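This report describes the pocket, the cavity, a helix and the aromatic pairs of one model. The sequence and structure come first.

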Amino acid sequence: MPGNAPKVKLETSFGDIVLELFEKDTPETVKNFLAYVDSGHYDGTIFHRVIGNFMIQGGGMTADMKEKPTREPIINEADKAGTNARGTIAMARTQIVDSATSQFFINVVDNPFLDFQGRNPRTFGYCVFGHVIEGMDVVDQIKAVRTTSHGFHDDVPVEPVVIKKASRV
């Protein structure tokens with residue numbers, strides 16, 4: 001039923017982004033994301049990887065580029081998820097299919113090559129679990145920031161883009 005989907009507001013140093021989550025299609029992913037929201041995990045983290053023609057990634061690093069501790073990885077529900085279209089939010093992961101924990105990314109362009117295409121690790125894809133319903137202008141501001149390298153990390157904003165608070169709305 002429209003209107004009953006969980007919503008989360010990310011209050012960032014650039015403005016607010018409101019997400020609507022696809023709980024029906026990706027229940028484990030949404031449950032995991034909301035647990036991180038409810039615990040305050042995202043508060044004070046940054047968008048640590050910004051690629052203007054691809055995506056903005058956050059949810060796991062502090063402003064000094066220290067990785068926050070996470071819970072156990074979750075199952076990848078990309079096979080039940082929609083497409084990595086502009087404005088969708090998906091779980092970041094390593095090359096291991098079921099390795100997502102707290103980090104997520106917001107697609108700033110359509111990225112269909114990230115969608116589920118098969119059951120092997122190369123084609124399993126990245127689980128889309130929601131979309132931006134307010135604040136895409138904020139996402140577009142973030143995607144345009146200047147970036148640099150920081151240690152082993154590339155595409156790090158020169159000035160931190162902080163998620164001040166994440167909360168249910």
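## Largest pocket

The largest pocket holds about 460 Å³ of space. A pocket here is an open set of points on a 1 Å grid over the protein atoms alone, with protein on both sides within 12 Å along at least five of seven lines, and lining residues have an atom within 4 Å of a point. Grid points are joined across faces, edges and corners, and a volume is the space filled by probe spheres set on the points. Of the 23 lining residues, R49, Q57, A92, R93 and Q103 are the closest to the pocket centre. The elements β3, β4 (55-62) and β9 (153-157) each give two or more residues to this lining. By class, the lining has eight nonpolar, 10 polar and five charged residues; Ala, Val, Leu, Ile, Met, Phe, Trp, Tyr, Cys and Pro count as nonpolar, Asp, Glu, Lys and Arg as charged, and the others, Gly among them, as polar.

## Basis of the values

The model is predicted: local features need pLDDT of at least 70 and side-chain atom pairs count only at pLDDT 80 or more, while totals for chains, interfaces and linings use all residues. Residues are numbered from 1 along each chain as its sequence is written, and side-chain values use heavy atoms, with hydrogens and water left out.

## Cavity

A search of the whole structure finds one cavity of 30 Å³ or more, a cavity being a set of points where a 1.4 Å probe fits but cannot get out. The largest cavity contains about 50 Å³ of space. Its lining consists of T29, I74, I75, N76, E77, M91, R93, V97, A100, G125, Y126 and C127. These residues divide into seven nonpolar, three polar and two charged.

## Helix α1

Helix α1 covers residues 27-39, 13 residues in total, and spans 18 Å from its first C-alpha to its last, close to the expected 18 Å. The expected span is 1.5 Å times one less than the number of residues. Helices are DSSP runs of H or I with at least four residues, strands are runs of E with at least two, and both are numbered from the N terminus. G40 follows α1 and has a positive phi, near 85°.

T29, V30, N32, F33, L34, Y36 and V37 are the buried residues of α1, where buried means under 20% relative accessible area, exposed over 50% and partly exposed in between (1.4 Å probe, protein chains only). They pack against β1 (7-12), β2 (15-21), β5 (88-91), β6 (104-107), β7 (128-134) and β10 (162-168).

In strand β10 lies S167, which is buried at 18% relative accessibility. Beyond its neighbours within four places in sequence, S167 is in contact (heavy atoms within 4.5 Å) with K7, V8, K9, E11 and V37.

## Aromatic pairs

Rings of Phe, Tyr and Trp (its six-membered ring) pair if their centres lie within 6.5 Å; planes under 30 degrees apart count as stacked, over 60 as edge-to-face and the rest as tilted. The count comes to nine aromatic pairs. Y42 and F104 form an edge-to-face pair, 5.4 Å centre to centre with 85° between the planes. Y42 lies in the loop between α1 and β3 (45-51) and F104 in strand β6, so this pair ties together parts 62 residues apart in sequence. Y42 is buried at 0% relative accessibility, and F104 is buried with a relative accessible area of 0%.

F105 and Y126 also form an edge-to-face pair, at 6.0 Å centre to centre and 70° between the planes. F105 is in strand β6 and Y126 in the loop between β6 and β7, 21 residues apart. F105 is buried at 4% relative accessible area, whereas Y126 is partly exposed at 23%. One aromatic cluster is formed by F33, Y36, Y42, F47, F104 and F129.
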